Amino acid sequence: MPIREGAPADVDALRRIARAAFDRIYAFFAVRGVRGAWPFLIADVDGVPTGFLVGRWFGGRPPIGYVYFIAVDSNFRRRGIARTLVDESLRRFARRGATRVFAAVTEENDASLGLFGSLGFEKAPRRALWRWYGWRGLSVELRMVLAPHEALLVRTLTDTR
Ligand SMILES: CC(C)(COP(=O)(O)OP(=O)(O)OC[C@H]1O[C@@H](n2cnc3c(N)ncnc32)[C@H](O)[C@@H]1OP(=O)(O)O)[C@@H](O)C(=O)NCCC(=O)NCCS
């Protein structure tokens, strides 16, 4: 399925998918997260948006990628749409020079853990941000807006194209 850059016109579709996929508060943050997102990706099926990825880019040395929100319309799950979205984001993060990409998942979210696990993400303790990036890591952690029950995952980009 084609993946493309999201545009302001996609926010209504994102809101529809996010409200069906997340609690209200998460859906609110997903919609709000579009502002300042990079990358912002949409997966279309027959011209209709069925999945989205809202990424974050933390500049600095080295730059850091973050998959902030991802969701797929429940009628289109288990077809590889999310995997294609994350894979495309990894390509873009790597091309721009990121050496690590992070994601946060709730521990009981099997789909999400399975998704990121299948793409080489591993659990990382939060203090790893401090170890790898020092004070900058703390500021990035704040901007990641991690909930207490979320686990931090990391994918190291040493083997990327
Ligand atoms: C998580 C989510 C985005 C996955 O979307 P998807 O398009 O169905 O995922 P894919 O088809 O690309 O699956 C890729 C891999 O993830 C894993 N996976 C996906 N759904 C799974 C499930 N329900 N249970 C266990 N593993 C799952 C599998 O390893 C799968 O590979 P496989 O199908 O070859 O076994 C989707 O379930 C969703 O929108 N959930 C609600 C929102 C959410 O929780 N987002 C993540 C936190 S921001």
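Visitor: Which residues come nearest to the ligand?
Guide: In this predicted model, Arg77, Ala82, Arg83, Ala111 and Gly114 come nearest, out of 21 residues around the ligand.

Visitor: And which helices and strands supply the shell around the ligand?
Guide: At least two residues each are supplied by strand 4, helix 3 (81–95) and helix 4 (110–118). Helix 4 gives the most, with six residues.

Visitor: What is the shell like by class?
Guide: The shell around the ligand has 11 nonpolar residues, along with five polar and five charged ones.

Visitor: Turning to helix 1, which of its residues are buried?
Guide: Helix 1 spans residues 11–21, and its residues Leu14, Ile17 and Ala18 are buried. These residues cover an arc of only 100° around the axis, so they lie on the same side of helix 1.

Visitor: What do those buried residues pack against?
Guide: The buried residues of helix 1 pack against helix 2 (24–32), strand 3 (48–58) and strand 4 (64–72). Strand 4 also supplies residues to the shell around the ligand.

Visitor: Which exposed residues does the face turned away from the buried side carry?
Guide: That face of helix 1 carries Asp12 and Ala20, which are exposed.

Visitor: Now the strands. How many bridges pair strand 5 with strand 7?
Guide: Strand 5 (residues 100–106) and strand 7 (residues 150–156) pair over seven bridges, in the antiparallel sense. In this pairing, Ala103 is opposite Leu153 of strand 7.

Visitor: How many bridges join strand 6 to strand 7?
Guide: Strand 6 (residues 122–123) is joined to strand 7 by two bridges, and the two strands run antiparallel. Here Glu122 stands opposite Val154 of strand 7.

How values were computed
Residues are numbered from 1 along each chain as its sequence is written. This is a predicted model: local features need pLDDT of at least 70, side-chain atom pairs count only at pLDDT 80 or more; totals for chains, interfaces and linings use all residues. A residue is buried if 20 or more other C-beta atoms lie within 10 Å of its own, exposed if 12 or fewer, and partly exposed in between; C-beta atoms are placed from the backbone. Helices (H or I, at least four residues) and strands (E, at least two) are DSSP runs, numbered from the N terminus. The arc is that of the directions from the helix axis to the C-beta atoms. Two residues are in contact if their C-beta atoms, placed from the backbone, lie within 7 Å. A residue is near a molecule or strand if its C-beta atom, placed from the backbone, lies within 6 Å of it. Ala, Val, Leu, Ile, Met, Phe, Trp, Tyr, Cys and Pro count as nonpolar, Asp, Glu, Lys and Arg as charged, and the others, Gly among them, as polar. Two strands pair if DSSP finds at least two bridges between them.
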